[in-house]
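User: I am new to this structure and would like to learn how to read it. Please take me through a few features in turn.

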Amino acid sequence: QAVPYYGVPANGGAFGSSSAVDFSGCSMVFPVQNSRYSVMPEIELAFFPEEKTALDENELSDRLKLNAGGEVLTVYRAHGVESVTIQTASLRFPFSRFEIHENAGAVSKLIMTSNPSRLVPEKSGEVLYPLRTDPGLLLGSKTASWRTQDYELYEWDRFSGILFFDTKNYDVQDDFFRRLAFYVEKIGYKGKILTDSELGDMHGYNAHDYSAESLASFFSAAERSGAQLNEKELLLCRILIANGLIERSEDGYRPLGGAIISISQDSAAWLRKSLCAHEIWHGLFFTDEDFRTMTAAVYYTIDEKSLDFIRGYWASQPGLGYDQSDIYLMHNEFMAYIMQQPLNSVASYFVHVANRGSVMKAMPDLCAYVRDTKGITFEDAAGIFDSYAADRWGLRCGRVSLVVR
């Protein structure tokens, strides 16, 4: 690190400032759009090492503001995290001037580089390998910048093996995951590979999350049963094998680790944000044993009426249908429903749920309890989760990324 490195395109460029980088000439070097034959570059933003990084969001020294061609990104620092990856395809004007407005002295690198050639779509047009990025940039992604028409595939730059699917609409998402949802989570259907006629027009979920273990189990069961999977499900299997989440074994498929998450462009922007947070917490739950242990501790210490309320809510909503005999699933959903919104919104969220007509009809006494207590028991639980996530990963309830658009 003693000798600074600078790179410029063929037409030259200005450098020397620690707070600004001009990427405008990079359109001469890199593809300016994703296509069947090329993939746009990525940007690495790295930090100088610190002995300790505070995580209080109120202290500006713990984050920086990056003006990326007119688009302002907030980048949070987290202890032990050396860099974040920004895919240029996720930005509106990536080939322009970038300026760091706050905490520029913390940045050791801001450089645009080629993505690996394997990220170019297959000859069939399918995308098997993910773009590595901070998940905060998924929310503003546009289908016009995707590598294939129906979906885009990402991998969390901090946690290898956690893959994100963003689908064009709910129909595409259903083709990938609806049969899987019934096999893994739906009460009355768990462990069964349903045929297309059995699935009929039944609803899966508006967002999805699955561990490598569940995925290997599903594809093994489908193979043993001789079930006719659709093209997207067969593609999903190839993606999982290509990225090392599952592998072939003598009796089907074996899990290797990781998780997948899916949201859809059909969801409104506010819902995509909430669903993305909800599903990302699931991804960390699947892949981190300490997080699962901590979640179980909170689950068993919250007051009984609050726990009865959230389980009653799940049971009263026909679109959910969680198998409540699966305690692993109960822990996972309990955590995600609490952590999907910011800490200061948790209590009001559960009061809002308690005011829904279908929920009040199903359990009026428990709804009255949540309203009378103003949802404070859920906020208390969220405070424990929030502190844990901040200390462990530099994340917070409602914020599952280090980059916020």
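User: How are α6 and α12 oriented to each other, roughly parallel or roughly antiparallel?

Analyst: In general, a pair of packed helices is described by an angle and a distance, both taken between the axes. This is a predicted model. In it, helix α6 (residues 289-301) packs against helix α12 (residues 376-393) at about 165 degrees, and their axes are 10 Å apart. Angles over 145 degrees count as roughly antiparallel, so α6 and α12 are roughly antiparallel to each other. Their crossing is right-handed.

User: Which residues of α6 and α12 make the contact?

Analyst: From α6 come Asp290, Phe291, Met294, Thr295 and Val298. From α12 come Ala381, Ile384, Phe385, Tyr388, Arg392 and Trp393. Sorted by class, the contact of α6 with α12 has eight nonpolar residues, one polar and two charged.

User: At what angle do the axes of α7 and α11 cross?

Analyst: The axes of helix α7 (residues 304-316) and helix α11 (residues 364-372) cross at roughly 120 degrees and come within 10 Å. The range from 65 to 115 degrees counts as roughly perpendicular, and over 145 as roughly antiparallel. The angle of α7 and α11 therefore makes them oblique to each other. The crossing of α7 and α11 is left-handed.

User: Which residues of α7 and α11 meet?

Analyst: Lys305, Ser306, Asp308 and Phe309 in α7 meet Leu366, Cys367, Tyr369 and Val370 in α11. By class, this contact of α7 with α11 has five nonpolar residues, two charged and one polar.

User: Now the strands. In what order do the three strands of the open sheet lie?

Analyst: The order is β5-β2-β7, with antiparallel pairing. The edges are held by β5 (83-87) and β7 (107-113), each with a single partner strand, so one side of each has no neighbour in the sheet. From one strand to the next, the twist averages 15 degrees.

User: How many bridges join β2 to β5?

Analyst: Strand β2 (residues 42-47) is joined to β5 by five bridges, and the two run antiparallel. Leucine 45 stands opposite valine 84 in β5.

How values were computed:
Residues numbered from 1 in each chain as written. Predicted model: local features only at pLDDT ≥ 70, side-chain atom pairs only at ≥ 80, totals over all residues. Heavy atoms only, no water. Axes fitted to C-alpha atoms, helices over the stretch in contact; angles between N-to-C directions. Helix = DSSP H or I, 4+ residues; strand = E, 2+ residues; numbered from the N terminus. Parallel < 35°, antiparallel > 145°, perpendicular 65-115°, else oblique. Left-handed = near helix turned anticlockwise from the far one by under 90°. Contact = heavy atoms within 4.5 Å. Nonpolar A, V, L, I, M, F, W, Y, C, P; charged D, E, K, R; others polar. Pairing = 2+ DSSP bridges.
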